Amino acid sequence: MKKIILTGVDGNLGSQAASELLQLTNKDNLLFCGYNTEVLANYQKQGVKTQQTDFNNLQGLAEKFGNADVLALISMPFVGEKRQRAHKNVIDAAKAAGVKKIVYTSLVNADDPTNPSIEKIDHAFTEDYIKKSGLDYIFLRNSQYAEAMITNYFTFVQQGSILKNNQGEGKMAYISRKDCAKAVAYALLTADLHQQVLNINGKQLMTISEFIEIGNQKTGNQVKYQFISDEEDYAVFDAMGVPRTTEGKFKKDSEAPFSSDGMVTFGKAIRENKMASFTKDFEQLTGSEPLSVQYMFEHSQEFQIGQRHSLDK
């Protein structure tokens, strides 16, 4: 059996991918990496090999990746030069350690220069660097997590106010983070895919108004949608105390655990239909259908976004 490295097991997506892998393959084939030693200790108790890793530092990283065939690089939770440098460190260390393939969690339409999402810049950089490294790869270009918008929906339910953002009539195939984690696990285990770009999309394309209407039908609430400009969207997040960049200070238990630069430019990309990817790649990879937005609203407590902040500085 191939030896598999999963990074980011102390994060939301990585921890769910770890759970999927433990159900699909022998734990002796696995090496889990993360920054948080408390999380790693829990996996060690289950008999899984772990390594504490800080991707901000290249020194000694290759030794921690030794004797593996494939590595999943879960994209880091910060944005900009720091993330690009961290991803580069992982790729360089993986190559030096003899890893043959990288599975990378990217973003739909990451390589489109007209895509205005600021987060896609890091994904495009990472994809390009992996290609230039000569390593085999699978890029999992994820649609937006439905969990982010479900959490956002209930924020406006609690406030009794209109849900406002800059997405307009643009479409997105919202997908559960749980399905994205399943895709990571299956991509790590497949032996048949080489130099592949897969769009990991949800069950159907929809506008934010259609998303909200599903929420209303399934919960009995009556949330309304109002389109606002990019500048007005920034003002909404400013009023919530959301930092403009991931270098800013995040409130504990924030219902918007992302930078407003990331969210506003992502909303603009949706509005311009730069995120309107819709394929059956997820089904072909995993053999199962993605969870529907209807199902996620029916079980909304299981589909909240949670925190998205890295401990490493």
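How many of the residues of strand β6 (residues 136-142) are buried?

**Conventions.** I am working from a predicted model, in which local features need pLDDT of at least 70 and side-chain atom pairs count only at pLDDT 80 or more, while totals for chains, interfaces and linings use all residues. Residues are numbered from 1 along each chain as its sequence is written, and side-chain values use heavy atoms, with hydrogens and water left out.

**Strand β6.** I looked up the burial first, where buried means under 20% relative accessible area, exposed means over 50%, and partly exposed lies in between (1.4 Å probe, protein chains only). Seven of the seven residues of β6 are buried, so the strand is largely enclosed by the rest of the structure. I then sorted its side chains by direction: D136, I138, L140 and N142 point one way, Y137, F139 and R141 point the other way, and all are buried.

**The sheet.** I took helices (H or I, at least four residues) and strands (E, at least two) as DSSP runs numbered from the N terminus, and counted two strands as paired if DSSP finds at least two bridges between them. The seven strands of an open sheet follow the order β3-β2-β1-β4-β5-β6-β8, with parallel pairing. At its edges I found β3 (49-52) and β8 (196-200), each pairing on one side only. Neighbouring strands are turned against each other by 20° on average, direction ignored. Helix α2 (residues 37-45) packs on this sheet and touches β2 (30-34) and β3, its direction making about 170° with that of β3; contact here means heavy atoms within 4.5 Å.

I followed the pairing through β5 (residues 101-107), which runs parallel to β4 (residues 70-73) and is joined to it by four bridges. The bridge partner of L71 in β5 is I102, and I102 also stands opposite Y137 in β6. Between β5 and β6 I noted seven bridges, again in the parallel sense.

**Helices α6 and α8.** Helix α6 (residues 146-159) packs against helix α8 (residues 208-219) at an angle of about 65°, with the axes 11 Å apart. Axes are lines fitted to C-alpha atoms, for helices over the stretch in contact, and angles run from 0 to 180 degrees between N-to-C directions. I listed the residues that meet: A146, M149, I150, Y153 and F154 from α6, and I208, F211, I212, G215, N216 and T219 from α8.

**Two positive phi values.** N67, in the loop between α3 (61-64) and β4, has a positive phi of about 65° although it is not a glycine, and with a relative accessible area of 64% it is exposed. Q195, in the loop between α7 (177-189) and β8, is another residue other than glycine with a positive phi, near 50°, and it counts as exposed at 54% relative accessibility.

**The whole chain.** Buried residues make up 54% of the 313 residues.
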